[in-house]
Amino acid sequence: VVTIVLSIGVTKMSKRNAVVRKLTAVETLGCTQVICSDKTGTLTQNKMTVTETKGDSENLTAQAMALCSDAAFENGKVTGEPTEAALVEWAQSLDMNKTRLESDFPRVDEVPFDSSRKMMTTIHSAEGNGFVQYTKGAPDIVLKNCDFALKNGKRVPMTDELRAEIAAQNKEMADKALRVLCVAMKTYAFMPREVSSDLETGLCYIGLAGMIDPVRPEVCDAIKEAKEAGIKPVMITGDHIVTASAIAEELGILEQGDRAITGAELDGMTDQELDKEVVNISVYARVSPENKIRIVKAWQRNGHVVSMTGDGVNDVLALKEADCSIAMASGSDVASQVSQLVLLNSDFSAMPAVVAEGRRVINNIERSAALFLVKNIFSFFLAWIT
């Protein structure tokens, strides 16, 4: 009977664009009390557009951002990860085609992005004038590694006043819920012998680019519905804390009395401190994969059933740790393989309905169990009196 009820639940969930990979996930999802969700693509539309820039030269900033990315301009359209695609489209709007840029400045080596460094570096041949390195990433991280800045077309030493001015510009854009990236450069007469993250120091600041990723309109109602059902939504993102907080407030995730913290702050907390504070924290920004695991475990130690959504390789360990792991169909194959459930429409709006279906399954199982129990007791009593 339980199997039949679960199978019916799986069928109903599939009609809500949720594919169940493990039968037990239906029951676990119905018990969910906390949903830890990524921001980009799940709570937002994942349609990045550059709307604001800062720096000495917008053209140079756009050129550097486009070259220091893996997105490509092919057959009249941009392909690649949404954030990088937005940078390439921005460069294209300034008449700087990515294909042409790569022809003029061919990439000779790179240091790929990773979530611990929060930066990406590419090195390009500079048309017979040596080599140029472009490094883009989180503004607070890149700026910390800048010893110089471009001002009025000249390289000047990075002063505390200039650094504070750039940091204020970054915060100003982040307050508008923009995702901000910073780009810097470094030149070489000869190609570096070893290309590694060690080259990401002594940089020259070029500029900032702020991108808007609009929230999904339907998610606001879904967040409200989840809260009314007693489910705590938690945002976990790699964005700047100001940007993450602004979007969380717009969605209704971050309310009065709730806290927003960074991965660095989380690293400074012991497990005991986190266990006490986790119920008050609604937003985690600039997080690492290890941070995500700690967040899930802290909620579990507080006796809560935790669902975790994710779409990338960095989410795999946290997905495995969660009571119910939910992958997005638009994400990586690895995330889908380790998850118990896959959302085909890849956004948060389906979550309350899917959880409600899980709760209905649990109620049906309980009612069926009660019915069989009463039936067996009645049969036993009838047999006893006869």
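**Group meeting: pockets, salt bridges and a sheet**

Okay, let me start with the second largest pocket: α10 gives three residues to its lining, the largest share. Helix here means a DSSP run of H or I with at least four residues, a strand is a run of E with at least two, and both are numbered from the N terminus.

Quick housekeeping. What you see is a predicted model, so local features need a pLDDT of at least 70 and side-chain atom pairs count only at pLDDT 80 or more, while totals for chains, interfaces and linings use all residues. Residue numbers run from 1 along each chain as its sequence is written, and side-chain values use heavy atoms, with hydrogens and water left out.

Now, what do I call a pocket? On a 1 Å grid over the protein atoms alone, a pocket is an open set of points with protein on both sides within 12 Å along at least five of seven lines, and a lining residue has an atom within 4 Å of a point. The volume is the space filled by probe spheres (1.4 Å probe) set on those points; points are joined across faces, edges and corners.

Back to that second largest pocket. The space in it comes to about 180 Å³. There are 13 lining residues, and K118, D140, T262, A264 and R286 are the ones nearest the centre. Two or more residues each come from α6 (139–144) and α10 (263–267). By class we get four nonpolar, five polar and four charged. In that count Ala, Val, Leu, Ile, Met, Phe, Trp, Tyr, Cys and Pro are nonpolar, Asp, Glu, Lys and Arg are charged, and the others, Gly among them, are polar.

And the largest pocket? That one holds about 1300 Å³. It has 42 lining residues, with E81, T83, F113, R179 and N314 closest to the centre. The lining splits into 12 nonpolar, 16 polar and 14 charged residues.

On to salt bridges. I count one when a side-chain nitrogen of Lys or Arg sits within 4 Å of a carboxyl oxygen of Asp or Glu. The whole structure has 19 of them. I'll also say buried for under 20% relative accessible area, exposed for over 50%, and partly exposed for in between, using a 1.4 Å probe and protein chains only.

Take E200 with R117, where the closest N and O atoms are 2.7 Å apart. E200 is in the loop between β11 and β12 (203–212) and R117 in the loop between β6 and β7 (119–125), so this pair links distant parts of the chain, 83 residues apart. E200 is buried at 2% relative accessibility, and R117 is buried too, at 15%.

How far apart are the closest N and O atoms in the K292–D315 bridge? They are at 2.3 Å. K292 is in helix α12 and D315 is in the loop between β16 (306–310) and α13 (316–321), so the bridge ties together parts 23 residues apart in sequence. Both K292 and D315 are buried.

Then there's K54 with E52, at 3.8 Å between the closest N and O atoms. K54 is partly exposed at 22%, whereas E52 is buried at 16%. These two belong to a salt-bridge network that also includes E172 and K176.

Next, the sheet. Strands pair here if DSSP finds at least two bridges between them. We have an open sheet of eight strands with mixed pairing, in the order β1-β18-β17-β16-β2-β13-β15-β14. β1 (18–20) and β14 (259–262) are the edge strands, each pairing on one side only. On average, neighbouring strands are turned by 20 degrees against each other, direction ignored; axes are lines fitted to C-alpha atoms, and angles run from 0 to 180 degrees between N-to-C directions. Inside the sheet, β17 (324–328) runs parallel to β18 (341–343) over three bridges, and M328 faces L343 in β18.

Most residues other than glycine have a negative phi. D95, though, has a positive phi of about 65 degrees. D95 sits in the loop between α4 and α5 (98–104) and is exposed at 59%. A177 also has a positive phi, near 65 degrees. A177 lies in the loop between α7 (160–174) and β11, but it is buried, at 12%.
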